[in-house]
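Here's a quick briefing to read alongside the model. Have the fold open and follow along.

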Amino acid sequence: MLVAHTRAMTTPRFVQLHREDSAALRLELAQGLLGEPASVSPKFLYDALGSRLFDAITELPEYYPTRVERALFTRHAGTMAAIAGRGRTLIDLGAGNCEKAARLFDVLAPLRYVAVDISVDYLRESLASLQRQYPGIEMVGVGADFSAALTLPPEAGRGERLLFYPGSSIGNFTPIDALRFLRQVRAVAGPGGALLIGVDLVKPKPILELAYDDPLKVTAAFNLNLLRRLNAMLGCDARIEDFEHVALFNEPESRIEMHLQARRALTLRWVGGERALAAGERIHTENSYKYTVDGFDRLLRDSGFARTTHWIDDEQGFAVFLATA
Ligand code: TRP
């Protein structure tokens, strides 16, 4: 009896919410390619190879956000826990390998850990191994695309919530969509809830552009991998050699833009469509908005959070905000 009980407590539960079918995804890809300018949604960046390449990006000296954010969490975790409160339900948005949240377990002492990612399959292994290390924390893996709408299944439970959104992923939304998303976060956090979020800050153009176009060309491979996905999903004939990775800081918009630029005039052909590109014409693949501290603070308040605290690495220009409802 006791053994069975212990076993039940130390097994994570998994829930997969609605998932787009491949016909819808193919339609989205084709519509993007036919747009003006042509574009491919960044959600296609993270297949098995893309996720590995992104992990490699986080090891690059030029890509400062991961490293600087980790240092901020390590240095200020005690204060963060004092404000956010211990013993909460920790909800990790875009959890991946769950590593960032796991580093905070000892100090935050969550009662429940809810890891959310686009596919529940990404979460199975990491959550099972975390559960063995922390048998006292109830663990739930949720597969959901929260970029369009943030809804959690009943398995997320009712306890007081701390939402966790690290890595400056908020920068991948346009400011309007970021506001819409943060309002949903505020609603999901509920009364007494909080949000812990990492935000990359505006800084000199050369530093930003190097972070998104490293000399080892890992970021270039990450971006170019989209062409492999186009070929696989649409039956497209894109040749990787025909494209160049371009990352540029658009100062008026305060965003890094990523593009795939045609090295020569060419036509992409796929099952049911085609798109001609002139030499130098670009396919837009991703934006990464950079905020000022005041600008992001305002965004949090506009989203309905009452109080905010932040910690900054001045030298590297990265911030962690803790917002309470
Ligand atoms: N959220 C990360 C960021 O915007 C994702 C990222 C890092 C990224 N490097 C990239 C996205 C290169 C597209 C291209 O910083």
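The buried residues of helix α2 are Leu25, Leu29, Ala30, Gly32 and Leu33 (buried is under 20% relative accessible area, exposed over 50%, partly exposed in between, with a 1.4 Å probe and protein chains only). Seen down the axis of α2, they fall within an arc of 160 degrees, so they line one face of the helix (the arc is taken from the directions from the helix axis to the C-beta atoms). Keep in mind that this is a predicted model, where local features need pLDDT of at least 70 and side-chain atom pairs count only at pLDDT 80 or more, while totals for chains, interfaces and linings use all residues. Residues are numbered from 1 along each chain as its sequence is written, and side-chain values use heavy atoms, leaving out hydrogens and water.

**Helix α2**
- On the other side of α2, Leu27 and Gln31 are exposed.
- What covers the buried residues of α2 includes β2 (38-39), α10 (218-234), β10 (266-270), β11 (273-277) and β12 (282-289) (helices are DSSP runs of H or I, at least four residues, and strands runs of E, at least two, numbered from the N terminus).

**The four-stranded sheet**
- This open sheet runs β2-β12-β9-β8, with mixed pairing (two strands pair if DSSP finds at least two bridges between them).
- β2 and β8 (243-250) stand at the edges with a single partner strand each, so one side of each has no neighbour in the sheet.
- α10 packs on the sheet and touches β8, β9 (255-262) and β12, its direction making about 60 degrees with that of β9 (contact means heavy atoms within 4.5 Å; axes are lines fitted to C-alpha atoms, for helices over the stretch in contact, with angles from 0 to 180 degrees between N-to-C directions).
- β2 and β12 pair in the parallel sense over two bridges, and Ser39 stands opposite His284 in β12.

**The eight-stranded sheet**
- A second open sheet has the order β1-β5-β4-β3-β6-β7-β14-β13, again with mixed pairing.
- Its edge strands, β1 (13-16) and β13 (307-313), each pair on one side only.
- Helix α4 (residues 64-84) lies across β6, β7, β13 and β14 (318-324), at about 30 degrees to β14.

**Nonpolar cores**
- Of the 69 residues in the largest nonpolar core, Phe105, Tyr113, Leu196, Phe243, Leu268 and Ile283 touch the most other members (a core is a set of buried Ala, Val, Leu, Ile, Met, Phe, Trp, Tyr and Cys residues joined through side-chain atoms within 4.5 Å).
- Apart from it lies another core, of 35 residues, including Leu150 and Val293.
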